[in-house]
Amino acid sequence: MSTSNIIQEFTFRKGSKILGQLELVQYSPKAIALFGATFPIKDILMTKKGRFNSSLQYNGGKAAGFIFPNWLKKQIIEALNHPSVAISYINQREQAFAEIPVRYPKVISNEIIEAQEQIRQRLS
């Protein structure tokens, strides 16, 4: 799969921090595929008739991604550009960050521990 097959790229950010990037590509004449950090929005992708496949061919190797029928291309692009998807993405990433156990407090900086506590308090 060459980079000429890329339909659109999406970058989810919070402030200046990049939370995740997605690439929508023309996978075959009848299908499009979405690669990248799709886990936070997997429920949204499944409602759009996406099927997860852990061994799609991508950039000369295998990669996990969602595959969709080609006729859904416009709907997928509109859905991924919708602000609610970005908010869902950010919330899921924050929730995952808050739930990461702090196993080695001597190695992790105090800023990370404080940020986790602030997110836990805000989410509860």
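Residues are numbered from 1 along each chain as its sequence is written. Because the model is predicted, local features need pLDDT of at least 70 and side-chain atom pairs count only at pLDDT 80 or more, while totals for chains, interfaces and linings use all residues, and side-chain values use heavy atoms, with hydrogens and water left out.

**Stop 1: strand β3**

Select residues 31-36, which form strand β3; helices (H or I, at least four residues) and strands (E, at least two) are DSSP runs, numbered from the N terminus. Five of the six residues of β3 are buried, so the strand is largely enclosed by the rest of the structure. Here buried means under 20% relative accessible area, exposed over 50%, and partly exposed in between (1.4 Å probe, protein chains only).

**Stop 2: the partners of β3**

A two-residue hairpin joins β2 to β3, and Leu22 stands opposite Gly36 in β3. Next, display strand β5 (residues 61-69), whose antiparallel pairing with β3 runs over five bridges. In this pairing, Phe35 stands opposite Gly65 in β5.

**Stop 3: Ile7**

Move to Ile7 in strand β1 (residues 6-14). Ile7 counts as partly exposed, at 29% relative accessibility. Leaving aside residues up to four places away in sequence, Ile7 touches Leu24, Val25, Gln26, Ile32, Lys73 and Ile77, where contact means heavy atoms within 4.5 Å.

**Stop 4: the aromatic pairs**

Rings of Phe, Tyr and Trp (its six-membered ring) pair if their centres lie within 6.5 Å; planes under 30 degrees apart count as stacked, over 60 as edge-to-face and the rest as tilted. By this rule there are two aromatic pairs. Select Phe35 and Tyr58, a stacked pair at 4.0 Å centre to centre with 20 degrees between the planes. Phe35 lies in β3 and Tyr58 in strand β4 (residues 51-58), so the pair ties together parts that are 23 residues apart in sequence. Both Phe35 and Tyr58 are buried.

Then select Phe52 and Phe66, an edge-to-face pair at 5.4 Å centre to centre and 65 degrees between the planes. Because Phe52 lies in β4 and Phe66 in β5, the pair ties together parts that are 14 residues apart in sequence. Phe52 is partly exposed, with a relative accessible area of 46%, whereas Phe66 is buried, at 2%.

Notes
Pairing = 2+ DSSP bridges.
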